[in-house]
Amino acid sequence: MSEDLFSALDHLAATSTVVIDRPQGSAHPRYPAAIYPLDYGYLDGTVSADGDGIDLFRGSAVGNGVVAMAVIADIDKKDMEVKILLDCTADEIGTSAAFLRDTLGLGTTVLRREVS
């Protein structure tokens, strides 16, 4: 069942332009002490729960596709959304989750793609 979800996310990523508006090492616009550990951006032409493009972290494992997704809850904004983890290694998945959870203080659950 989850493979259908990840196949759909692969299709979205493959048919959309990846826009990186917060490169690795840049500061979060509202929290300057929060430094992005990976490239962060969105899929242009898509719509997420907040009305903007679907957010993503892009890692260094080019060609891996969508390897995971982070489901986050932001109690300050009173919303939840999904962030795609594209071309990430296992370490980069953990780094992204730690950034969301520990640095930004967001409730975060990561769903990893099952690899056969």
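Me: Which residues does glutamate 92 touch, leaving out those up to four places away in sequence?

Reply: In this predicted model, glutamate 92 touches Leu38, Gly59, Ser60, Ala61 and Asp87. Glutamate 92 itself has its place in helix 2.

Me: Why is glutamate 92 said to have no salt bridge?

Reply: Check the distance. A salt bridge needs a side-chain nitrogen of Lys or Arg within 4 Å of a carboxyl oxygen of Asp or Glu. For glutamate 92, the nearest side chain of opposite charge is arginine 58, and that is 9.4 Å away.

Me: What makes phenylalanine 57 and phenylalanine 99 an aromatic pair?

Reply: Ring centres have to lie within 6.5 Å, and these two are 6.3 Å apart, centre to centre. So they count as a pair.

Me: And why is the pair called edge-to-face?

Reply: Planes over 60 degrees apart get that name. Here the angle between the planes is 85°, so edge-to-face it is. The pair also links distant parts of the chain: phenylalanine 57 sits in strand 3 and phenylalanine 99 in helix 2, 42 residues apart. Phenylalanine 57 and phenylalanine 99 are both buried.

Me: Which residues form the aromatic cluster?

Reply: Tyr36, Tyr40, Phe57 and Phe99 form one cluster. The structure holds four aromatic pairs.

Me: What is proline 37 in contact with, leaving aside its neighbours within four places in sequence?

Reply: Gln24, Thr95 and Phe99. Proline 37 lies in the loop between strand 1 and strand 2. The C-alpha atoms of proline 37 and threonine 95 are 7.0 Å apart, though 58 residues separate them along the chain.

Me: How do you know that strand 4 and strand 5 pair?

Reply: Count the bridges. Two strands pair if there are at least two bridges between them, and eight join strand 4 (residues 66–74) to strand 5 (residues 79–86). So they pair, and they run antiparallel. Alanine 73, for example, stands opposite methionine 80 in strand 5.

Me: What makes strand 1 and strand 6 the edge strands?

Reply: The six strands form an open sheet in the order 1-2-3-5-4-6, with mixed pairing. Strand 1 (17–22) and strand 6 (107–112) each pair on one side only. From one strand to the next, the twist averages 30°.

Me: Which strands does helix 2 touch?

Reply: Helix 2 (residues 90–103) packs on the sheet and touches strand 3, strand 4, strand 5 and strand 6. Its direction makes about 160° with that of strand 6.

How values were computed: Residues numbered from 1 in each chain as written. Predicted model: local features only at pLDDT ≥ 70, side-chain atom pairs only at ≥ 80, totals over all residues. Heavy atoms only, no water. Helix = DSSP H or I, 4+ residues; strand = E, 2+ residues; numbered from the N terminus. Axes fitted to C-alpha atoms, helices over the stretch in contact; angles between N-to-C directions. Contact = heavy atoms within 4.5 Å. Buried < 20%, exposed > 50% of the residue type's maximum accessible area, 1.4 Å probe, protein only. Lys, Arg positive; Asp, Glu negative; His and termini not counted. Phe/Tyr/Trp six-rings, centres within 6.5 Å; stacked < 30°, edge-to-face > 60°.
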